Amino acid sequence: MGRYWDVYNGWLADPEAFWGEAAKAVDWFKPADKIFDAGSGQYGRWFAGAECNTSYNCIDRHVKAGCGAQPAIIYDSPVTGTKRTVTYAELLDEVEVFAAALAGLGVTKGDRVVIYMPMVPEVAVAMLAAARLGAIHSVVFGGFAANELAVRLNDAKPKVIVSASCGIEPKTIVKYKPLLDAAIEMAAHKPAHCVVLQRPMETAALKAGRDLDWSELVAKTRESGQKAACVPVKATDPLYILYTSGSTGQPKGVVRDNGGHMVALTWTMRNIYGVAPGDVFWSASDVGWVVGHSYIIYGPLLNGNTTIIYEGKPVGTPDAGAFWRVISEYKVAAFFTAPTALRAIKKEDPTGSQIANYDLTGLRTLFLAGERADPDTVRWAEQALGIPVIDHWWQTETGWAIAANPIGLEALPVKPGSPTVPMPGYDIHILDEDGHAVPQGQLGNIVVKLPLPPGCLPSLWNADERFGPSYTDHFPGYYKTADAGYRDEDGYLFIMGRTDDIINVAGHRLSTGAMEEVLSSHKDVAECAVIGAADALKGELPVGFIVLKAGVERDAKDIESEIVALVRERIGPVAAFKTVRVVGRLPKTRSGKILRGTIKKIADKADFKIPATIDDPAILDEIGAILSTRPIAG
Ligand code: COA
Ligand code: AMP
């Protein structure tokens with residue numbers, strides 16, 4: 001048995017000793033009374049009694065150790081033609097000042113700060129400044145509509161919102177401020193202040209008394225000589241809330257604590273990603289997603305790496321060589337992206353000809369996550385780059401990989417289609433609906449034996465009562481990942497898809513239930529279903545089916561366009577909801593449950609069996625006929 005199995009079995013034999021040892025990589029103001037306190041929280045709490053500060057561990061510690069001159073953040077923005085390097089010493093200065101500015105606006109320990117910003121270095125400054133004060137940040141992805149932001153404002157109740165005048169998409173400037181104003185207008189909770197970073201491409205109108213210009217605020221704070229020190233927080237205090245799709249329009253506020261998060265992420269940087277302090281680590285995600293939180297900001301900075309904030313796309317900014325340019329320019333050692341981004345590159349540059357234009361000799365490993373890495377894409381990248389391509393599987397809830405190929409510990413053979421093996425911390429079981437283990441090789445519900453390891457969500461924000469129904473009631477003693485999959489004879493896991501109504505669109509997690517709520521709110525819609533249809537580029541694309549109310553005689557195409565616009569307005573462009581079809585009826589079971597799985601198979605042109613419980617099989621032919629007259633791509 002190799003090193004991975006030694007370490008995994010060592011963890012299994014004594015999890016507290018394992019995490020106690022890993023915790024030595026973090027600087028604590030006060031050590032833990034108990035490595036694991038089984039008696040508190042939803043399933044126990046890690047590092048109970050310890051005191052720490054995440055901002056301190058991400059910045060101050062490295063500056064004190066003499067690494068102040070090392071780049072902490074490289075900002076590379078092909079959409080604005082800007083590049084900037086921020087050293088650890090400069091980052092410390094900016095964070096100390098911005099934290100003092102936030103404190104001046106009344107932000108103290110435990111207060112919430114919502115961050116709604118594009119991919120600029122200031123987003124990291126805002127997150128780390130909140131963490132420095134012991135405040136709890138909640139970053140909202142820029143592609144969400146005002147309504148989604150309003151839902152989050154009502155739940156997180158921030159004292160301050162930090163935003164920017166705009167984000168930049170290849171073809172448009174997305175004006176953030178009108179969206180922010182609309183969200184505040186809609187929300188019952190009103191923040192005391194908004195700090196707005198004015199970008200040269202767009203100047204936002206500021207509301208007197210409430211809104212402050214980032215640069216003016218920072219300049220004023222600097223003039224007064226104020227800098228904020230790190231506020232000690234409990235290891236179990238929240239560092240952030242990150243909202244993610246649940247089965248309804250009310251997103252789940254995943255909470256991340258300070259101590260366990262630092263311990264787990266630091267462990268992953270060394271053992272999964274195999275990077276040492278000083279290495280350049282690049283995750284081409286967005287800070288609005290969990291990958292951005294863990295592997296653009298916290299993981300690399302905790303480990304003393306240089307991280308890259310890239311404001312661009314894999315293609316079109318300017319071409320399919322964009323990623324390879326960044327990797328060669330900054331000598332990236334480990335690169336993390338979503339399979340959909342590689343598929344976008346492959347589509348434009350099928351032979352990978354752009355790769356030859358750049359020196360990628362420093363790149364050791366390519367990591368993929370966010371959606372299933374299809375074997376074709378893995379093989380294409382392996383051949384084009386000539387380095388290991390590592391799929392790893394995780395979720396917003398866990399904050400780090402449940403299964404991976406731990407390059408830092410031992411590079412295990414890659415099996416395309418599998419994210420390899422469970423990481424220490426995760427005792428994986430595969431169960432049938434009744435909670436019995438399924439035989440090896442058979443598909444089942446993937447669950448994690450409780451407790452979850454450090455870094456995973458301790459609960460949902462303001463909603464302890466949703467934790468059990470969401471995660472632990474279905475299979476008592478286990479955390480339900482809501483992913484289905486199987487394990488092969490070598491212990492490799494294969495993740496095949498969700499067991500709930502979550503779909504994965506271009507690596508983004510979206511709820512079809514939330515979209516159905518929007519569809520049914522249209523005045524002409526009697527009932528509806530949204531499914532995730534297979535898409536060669538984005539993995540899945542949402543497709544809606546609507547049945548009109550009796551007596552509605554409007555042109556179906558007009559109603560369909562209104563529905564597409566409504567989803568964009570309520571959820572946002574990120575939903576990529578472009579297709580809806582009016583149908584006469586929806587297929588249902590005799591007890592009235594809509595057969596979404598069967599509709600999906602028809603849309604995907606996959607083989608399917610007519611469900612035994614179907615009310616009227618003729619409806620399936622009707623749906624098939626509509627989709628063949630007006631195909632989804634059309
Ligand atoms: N702010 C505002 N709008 C945004 C946005 C942001 N931060 N990010 C995306 N959008 C918009 C896009 O402009 C697009 O709008 P449109 O309908 O007007 O064209 C829409 O949301 C859908 O965006 P996206 O899913 O990114 O599709 P795309 O066609 O623009 O690009 C890819 C396709 C594959 C290049 C892109 O999805 C990608 O790079 N994906 C990587 C995914 C990723 O990193 N996921 C994180 C998990 S690891
Ligand atoms: P998110 O919470 O947005 O990170 O989405 C998590 C979900 O994305 C998981 O529950 C999976 O359904 C899917 N996912 C993420 N990474 C992978 C992967 N490597 N393989 C298969 N599915 C994945």
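Leu-519 lies in helix H15 (residues 512-520); helices here are DSSP runs of H or I with at least four residues, strands are runs of E with at least two, and both are numbered from the N terminus. The model is predicted, so local features need pLDDT of at least 70 and side-chain atom pairs count only at pLDDT 80 or more, whereas totals for chains, interfaces and linings use all residues. Residues are numbered from 1 along each chain as its sequence is written, chains are lettered from A and ligands numbered from 1 in the order in which they are written, and side-chain values use heavy atoms, with hydrogens and water left out.

Leu-519 has a relative accessible area of 0% and is therefore buried (buried means under 20% relative accessible area, exposed over 50%, partly exposed in between; 1.4 Å probe, protein chains only). Leaving out residues up to four places away in sequence, Leu-519 touches Val-525, Cys-528, Val-530, Gly-544, Ile-546, Ile-563, Val-567 and Phe-577. Contact means heavy atoms within 4.5 Å. Ile-563 is 44 residues from Leu-519 in sequence, yet the C-alpha atoms are 6.4 Å apart. Cys-528 is buried too, at 8% relative accessibility.

The structure holds zero disulfides, a disulfide being a pair of cysteine sulfur atoms within 2.5 Å. Cys-456 is buried, at 2% relative accessibility.

Leu-363 sits in the loop between helix H12 (339-348) and strand S19 (365-368). Its relative accessibility is 6%, so Leu-363 counts as buried. Neighbours within four places in sequence aside, Leu-363 contacts Ile-327, Val-332, Ala-333, Ala-334, Phe-335 and Ile-387. Phe-335 is 28 residues away along the chain, with a C-alpha separation of 7.5 Å.

Helix H3 (residues 54-67) packs on helix H4 (residues 88-104) at about 135 degrees, with the axes 9 Å apart. Axes are lines fitted to C-alpha atoms, for helices over the stretch in contact, and angles run from 0 to 180 degrees between N-to-C directions. H3 is therefore oblique to H4 (under 35 degrees is roughly parallel, over 145 roughly antiparallel, 65 to 115 roughly perpendicular, the rest oblique). H3 contributes Ser-55, Cys-58, Ile-59, Asp-60, His-62, Val-63 and Cys-67 to the contact, and H4 contributes Tyr-88, Ala-89, Leu-91, Leu-92 and Val-95. Nine of these residues are nonpolar, two polar and one charged (Ala, Val, Leu, Ile, Met, Phe, Trp, Tyr, Cys and Pro count as nonpolar, Asp, Glu, Lys and Arg as charged, the others, Gly among them, as polar).
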